[in-house]
Amino acid sequence: MSGDNAYSPSGEGLSLSADLNITTRATQVSDQLLDGEGNDIEIDSNDVINNGDELLGINDEGQVLELNDNDQVLEIIANQEDERGGAAVISDDHENYVSDGKEYPPPVVGMEFDSYDDAYNYYNCYAKELGFAIRVKSSWTKRNSKEKRGAVLCCNCEGFKTIKEAGSRRKETRTGCLAMIRLRLVESNNRWRVDEVKLEHNHLFDPIRAKNSKSRKKMDYDRHKVESNLDIEVQTIKLYRTPASDLFGHGSPIFEERDILMGHATARWLMLHKGDTQVVHDFLCRSQRADPYFLYLMDFNDEGHLRNVFWIYGRSRAAYKYFGDVVAFDTSFLSNKYDIPLFAFIGVNHHGESIILGCGLIAEETSETYIWLFRAWLTCMSGRPPQTIISDKCNVMQHAISEVFPRANHRFFLSHLMRSILDNVGPLHDVNAFMTMFEKVVYDSLVVEDFERAWEGMALELGPRGRQWLQPLYDVRERWALAYMKDTFFAGIHGFRRGENTSSVFEGYIHHRTSLQDFFNLYELILEKNRRKEALDDSESTNMNLVLRTRCYYELQLSRLYTKSIFMKFQDEVMSMSSCVSITQVHVNGLIATFHVKERQGDGNTADLRIFEVTYDKAALEVRCICGCFNFNGYLCRHALCTLNYNGVEEIPSHYILSRWMKNIKRSYVPEFGSNNIDTSNPVQWYDHLYRRAMQVVNEGVVSEDHFTTAWQAFKESLNKVRLVGEKQL
């Protein structure tokens, strides 16, 4: 590759984890174009010879070629000159193409498409923007089937003239260019995945030559035939990318702020199927009739198309009063490109279970969209922002969060980040060795100094390329590295402990092809299931006698206060106090003392001793351990408990007993918005006031069987009295 004649698209920002929605005017690619791909060969079942263990193919000249056997998939590569040019197609019709000023992203390993045609069209459009043409270098099918299983798409300048063509007067256009992508059909999800990418070209781009190629004329002809069909529809190319893009923070976890169209203006509205508009309308109306505190907001573009919709039930608004300190943003069904572009606000209740605090459907992941959604949600929560926000790593979302929630602690899901790294290890080869080293840096670094030192050692071992690959992640380490987040409260939310994975509250209910109608039906079932589970957990926590496993008073103290699930987690810490083999005071500054608690970790001969530093303020009865358990989980760790016990503190100080975990607090899930003063001439206020009071009885009535019986009797008596009033007026 020579200096001035070489061109390499920038490799920076290529591993975008966002999914892309590319919409094009429908064209027939795979069948028609492959028929005219010159002498490039596509193998089908009739071209296969099974010679024992040896797999053979036959080219169009009758030559027998040896093939590779890979899961019964056959491959043959041919470099013959593209005489007819059928595969060297490129779209360059600027009048019929609107990209909204945004380029197609370069291909990266891990991109996935719904079909071969989608993958082909994407690479062709990318080539068009740069100024080169493409062709199918090779493709392969499964044995005894004509079903395509893989293909290699290359630059039209790939290869050289054959010996037979050497004397031809035709101008040499091939330069041996290596730019290409290799596609493979993934059995598990039936998508086409990019397995190999080469971006560098060894020639200058020539858009004019590409535009005037025979293949270009053929594509124009094919397009003309398609456009003459009155039933033409807009076809959406769904481009899936691995979550590793979030590692670098470019774009968003779904599609990178755009829909790209051929022959149509950019579509920035919800892509609803036929009948979905009525489905949304029916759901919102049904919910509002059932819950007078149900709210929804809709966002329309200038043409009147629905872009975004947000909704929240009254119960969620009321629950936020108790559990609004930590909120997670669930974008699982955006990043995985489900048919339903769902965004969910998730909290943690007093049993440590996830609860829904509002949902939305969004057309695209832009700062504008997120800002609208976050402001809509915050308005429904009376303008009170959460203390901590946890989300996936996404620059677009991060900007919107800083705009709407400037005082909130914004952190990234560590487990999601680890999974993203595993999905795209960049220039690294030994994935397992790297992940072991990376986990050690993340989970074993108790303080910032330890983390920085361990990170530097890892970067030196990885070399310059590895350091450069990890740099974007290092730049935002304060948002995901445990050593930097000891002062952030997480309320025990999952995703920050070694080996811990997070799952969506909708997981198992929503699938890739779940319709909007099915989703809304499931949504109401999920809410009802969550209500029943919380009521059952409340009953168990109130009525069950918990078994104490130690003689420590701290255990007895919280067994009387906390819900069952939270107490059992705290109980594990109390029992683990026995693994703390010694405690030593190492420094004193007035009433503040520093202790080293030595803990045995592991079993038997493999047990290691590790020292945890704990600071104790005797005057304020404040204890702080370097492990950060209290802020991460919401209860004191074994090291802090040992320190309190060492200093003669018999009870856990009240400021370490959180009301959010208490079982005896009466939580009313009816929003208390507005005044209790009733305008007796306003029937609307009659309804609101009666509903609020009735729901208070309902919440109290589900505590136990006796409560239920009393509430039910009261309702029957009240109803009879109201009916008597009506009968007297007749």
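A salt bridge is counted here when a side-chain nitrogen of Lys or Arg lies within 4 Å of a carboxyl oxygen of Asp or Glu. The model on screen is predicted, so local features are given only at pLDDT of at least 70 and side-chain atom pairs only at pLDDT 80 or more, while totals for chains, interfaces and linings use all residues. Residues are numbered from 1 along each chain as its sequence is written, and side-chain values use heavy atoms, with hydrogens and water left out.

**The whole chain**

Begin with a cartoon view, in which the secondary structure comes to 20 helices and 23 strands; helices (H or I, at least four residues) and strands (E, at least two) are DSSP runs, numbered from the N terminus. Of the 730 residues, 51% count as buried, where buried means under 20% relative accessible area, exposed means over 50%, and partly exposed is in between, with a 1.4 Å probe and protein chains only. Among contacts (heavy atoms within 4.5 Å) with a separation of 6 or more, 67% are between residues 24 or more positions apart.

**Salt bridges**

A search of the whole structure finds 28 salt bridges. Select Asp 444 and Lys 440 to see one of them, with 3.6 Å from N to O; Asp 444 is partly exposed at a relative accessible area of 27%, whereas Lys 440 is exposed at 52%.

Select next Arg 315 and Glu 534, a salt bridge in which the closest N and O atoms are 3.7 Å apart. This pair links distant parts of the chain, since Arg 315 sits in helix H7 (residues 314-323) and Glu 534 in helix H14 (residues 516-543), 219 residues apart. Arg 315 is partly exposed, with a relative accessible area of 24%, while Glu 534 is buried, with 7%.

Then move to Arg 638 and Glu 573, whose closest N and O atoms are 3.1 Å apart in another salt bridge. Arg 638 belongs to helix H18 (residues 638-646) and Glu 573 to helix H16 (residues 564-575), so the pair ties together parts that are 65 residues apart in sequence. Both Arg 638 and Glu 573 are buried. To see a network, select Glu 112, Arg 184, Arg 191, Arg 193 and Asp 195, which are joined by salt bridges that share partners.

**Helix H7 and its surroundings**

Return to H7, which is mostly covered, seven of its 10 residues being buried. These buried residues are Gly 314, Ser 316, Arg 317, Ala 318, Ala 319, Tyr 320 and Phe 323. Show also what they pack against, namely strands E13 (295-300), E14 (306-312), E15 (326-330), E16 (342-348) and E17 (354-362), together with helix H9 (367-380).

**H6 against H14**

Select helix H6 (residues 276-290) with H14, whose axes come within 9 Å and cross at roughly 20°; axes are lines fitted to C-alpha atoms, for helices over the stretch in contact, and angles run from 0 to 180 degrees between N-to-C directions. H6 and H14 are therefore roughly parallel to each other, given that angles under 35 degrees count as roughly parallel, over 145 as roughly antiparallel, 65 to 115 as roughly perpendicular and the rest as oblique. On the H6 side the contact is made by Asp 276, Val 279, Val 280, Phe 283, Arg 286 and Ser 287, and on the H14 side by Leu 516, Gln 517, Phe 520, Asn 521, Tyr 523 and Glu 524.

**H9 against H10**

Now show H9 with helix H10 (residues 395-404), where the axes come within 9 Å and cross at roughly 40°, so that the two helices are oblique to each other. Ser 367, Tyr 370, Ile 371, Phe 374, Arg 375 and Leu 378 of H9 meet Val 396, Met 397, His 399, Ala 400, Ile 401, Glu 403 and Val 404 of H10.

Centre the view on Ala 400 in H10, which counts as buried at 0% relative accessibility. Leaving aside residues up to four places away in sequence, Ala 400 touches Ser 367, Tyr 370, Ile 371 and Phe 374. A C-alpha to C-alpha line from Ala 400 to Glu 368 spans 7.7 Å, although these residues are 32 apart in sequence.

**A last stop in strand E21**

Finish at Thr 594, found in strand E21 (residues 592-601) and counted as buried at 13% relative accessibility. Beyond residues up to four places away in sequence, Thr 594 touches Thr 584, Gln 585, Val 586, His 587, Glu 613, Val 614 and Thr 615.
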